[in-house]
Structures are given as C-alpha cells and as structure tokens.
Amino acid sequence: NVISWISLIAITFTTAAFIIIISVMNGFTSVVSNLYNAAEPDLKISLATGKYFYPDTVLKKLKDIKEIKCISKSIYNQALIKYQQRQMIVSIRGVDTAFEKVTQINTLLQKGKFQLKDKNTNNLLVIGNGIANEMNINITHQFNPIILYSPKRIKNTGTNTDLINELPAYVSGIFSINDDFDYKYIFCDLNFAQNLFDAEKLITTIEVSIDDPNKKEETQKIIQHILGKNFVVKTKEQLNEVLFKTLQTEKLWTFVILSFILIIATFSIISALTMLIIEKQKDIQTLYALGANKQLIESIFMAEGFLITFGGAFAGLIVGIIVCWIQIQFHVIKFNENSILPYYPVELQVQDIFMVLVVLLIIGFLAAIYPVRFFTKEIKWRR
C-alpha cells in the first residue's frame, strides 16, 4: 500500500544521506591527515628530557637497522624575525638535505620551491603562508632579506648586541597546511639554524623513513629498545595524537547522530505495519480459519517490515554510492577559488557501509517486531 512505499522511500533517502555524509567526512579526514603527515616523517626521535644532543652515537646505532630507509637531522627552536618594519616570533626548523626524502614537504608548497641554499651560498627560507601574509612578504620581489634573531646559549661579557645572534636570509618558497602551521613554522638549512641558535653540531630531533609503512610500529619498538629510555620514538599519528583522536571522535558522534535520524525514519515502518494489520484484520481471520497459525501470520507481517527495511537500505546504498562515485570521478561540487581544496573530498570505506547495514538490521528488526507482536495480541483468534 501507499504508506509502505512512503516508508521505503524514507529509509532510502536516509540511508543514502548516511553514506554520503560519512564518505565526505572520510574525505576531509584523509585530506587533513595527508596535510599533517606530509610535513612529518614515519618516525621521529628526540630526547626524553632535555633538548639538544650530539647525533653521532645515535646515528651509528640506527645504521644497523635494516627497516630504515632514510635518516634526516633537524634542529628546532623559536626566534624573532624582522622584515622591513614588521616583527614576529616564529618556530624555526633547521633541516638537512635528506629532509625532503623522509617527508613529502614538496606537496605542501604553494609558491616557489623547497630550497634552503642557492648557488651563491645565500641562506634561504621556506615559510608558512600565514607568516608571508602577516609580514607582507612577496617571494617574487625581495629587495630586503629577512633578519632572524636568537639569543646565544652561552652568556658572555660585553654589550647587549653580543648576546644575540643576527642572521639574514631570503625566502625561496611558501607552504600551506593550516593556520596552526602557516603562522608558526619556517624551514631553513640545518647549519644556518645551528649558527642562529648557537648550537654547533647539536640537533633536537632525528627523522626516519622506513621501507614498509606497515612495519612502522614494529620498527618503532626496535629503535626504542636500541636507544633506551633516554630517547623517545614517535610515529606520525603519535606526533599529532590530539588531532587524530579529535577526527575519530567527530566521526563517531556523526555516526551516532545519523543513527538517531535513521531511527526516526524507521518510525514510518511501525506506522505502515500498524495500518496494515488494522486494515487486514478480515484477511487475517480468513487465513486463520483456513488453518494458518498465529506464528505464520506474524511472520508475514515481519517479512513485510524486513522488505521495507532492506529494500530501502539496498536502494539507499546504491544511491549513496552512485552520488559519491560521481563526486570522486567528476568533482561536481566545488569550493571557491580561494580555498585550499578545489572540490569536496569523498572517500568510500567498506567498513562504513557494513556498519550502516548492521545498524539498519537492528533498527529494522526492532521496528518490525513491536507492531506485529503488540497489535496481533488485540486480534480475537477464533476459527
């Protein structure tokens, strides 16, 4: 009847919306993860307590680990930068030439290139897009260098200027991840940063890339065992632990909210079965008189409820998957020109489809069994 078709259509559109929303959220999660992971190595090694250390001993121990593909050294600290009349406190990350091999930093560049030295041995910087906007820096028209200031680690006697390191550099590239990174980080050459921070031959971290990403945790345990408690070894996910936990929590609550919407949609199944049982009371009595028992008649209405649920779920899955596929292939829905992403990212995951089906199974069963058991009790079963 008509109300059964209305219920089926309601389940169809709710299921399709469920799949589309979760897939879009998966797409945004993947984009955010890739942006953060592009600037981070597979594994990062740093001191458990303290900041600077000499890398020679650690590097000798790491050479014996076969799973390691490439090793990069870096130093990290804060500094004051000045460009013309503008000043800003930023985080300087000095890296060596192997840094591009252990990360995908080149994929984050918006302008210029990732170059930290030129032919004339001038020091170059790769800065965040937020810093470039804040300092009004244009890499195509650099008439003045950026001046970097940092206090010396060892105090000495003399004038105040003797206590501060002051080094000039030019910008070779601009990267963009998000506001937290874009307004904070600057990449420079390792030796340049060591001179700036008065930390000759010292580093703060060692970045490691491995051959097989699936063995990341295993390699982490091996390195941690070799280096001991004086060092901490973290994966990409652990470096941005708060971010990834937040993304997982957002997806979980989105799933819960959509499940409640799906429950509301299944109330139409209860209405449809209730109306059907009331409408078919004479037919029920006829079937009962012909020899059908109560269990058989209940199973007929249960089958009706499952047909509505699974018919709507199957149709909704097909509609949702088709809409997601169209967006993945043809990028129909786009962002404006100023956005980092050109179009809405969508990522279909099999486990999400499976979870939607499980939720529909449970909700559909409960929605069908209630009206069938309740309203069939009101029928006078007599032959």
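**Confidence, a helix and a loop residue**

Author: This is a predicted model. The protein averages a pLDDT of 89, and 95% of the residues score at least 70.

Reader: Which residues of H7 are buried?

Author: The general idea comes first. An α-helix has 3.6 residues a turn, so residues three or four places apart point the same way. In H7, the buried residues are Lys216, Thr219, Gln220, Ile223 and Leu227. They cover an arc of only 105° around the axis, which puts them on the same side of H7. On the other side of H7, Lys221 and His225 are exposed.

Reader: What covers the buried residues of H7?

Author: The cover includes strands S1 (43–47), S2 (68–83), S9 (205–210) and S10 (231–235), together with helices H2 (56–62) and H8 (236–239). Just after H7, Gly228 takes a positive phi of about 85°.

Reader: How does the span of H7 (residues 216–227) agree with 1.5 Å a residue?

Author: The twelve residues of H7 should span 16 Å, and the end C-alpha atoms are 16 Å apart, so the two agree.

Reader: Let us turn to a loop. Is Asn123 buried or exposed?

Author: Residues under 20% relative accessible area count as buried. Asn123, in the loop between strand S4 (109–112) and strand S5 (124–128), has a relative accessible area of 19% and is therefore buried. The side chains of Asn123 and Lys117 are joined by a polar contact of 2.9 Å. Beyond four places away in sequence, Asn123 touches residues including Pro168, Tyr170 and Phe192.

Key:
Residues numbered from 1 in each chain as written. Predicted model: local features only at pLDDT ≥ 70, side-chain atom pairs only at ≥ 80, totals over all residues. Heavy atoms only, no water. pLDDT = per-residue confidence, 0-100. Helix = DSSP H or I, 4+ residues; strand = E, 2+ residues; numbered from the N terminus. Expected span 1.5 Å × (residues − 1). Buried < 20%, exposed > 50% of the residue type's maximum accessible area, 1.4 Å probe, protein only. Arc of directions from axis to C-beta. Contact = heavy atoms within 4.5 Å. Polar contact = N/O pair within 3.5 Å; in protein donor to acceptor, adjacent residues only side chain to side chain.
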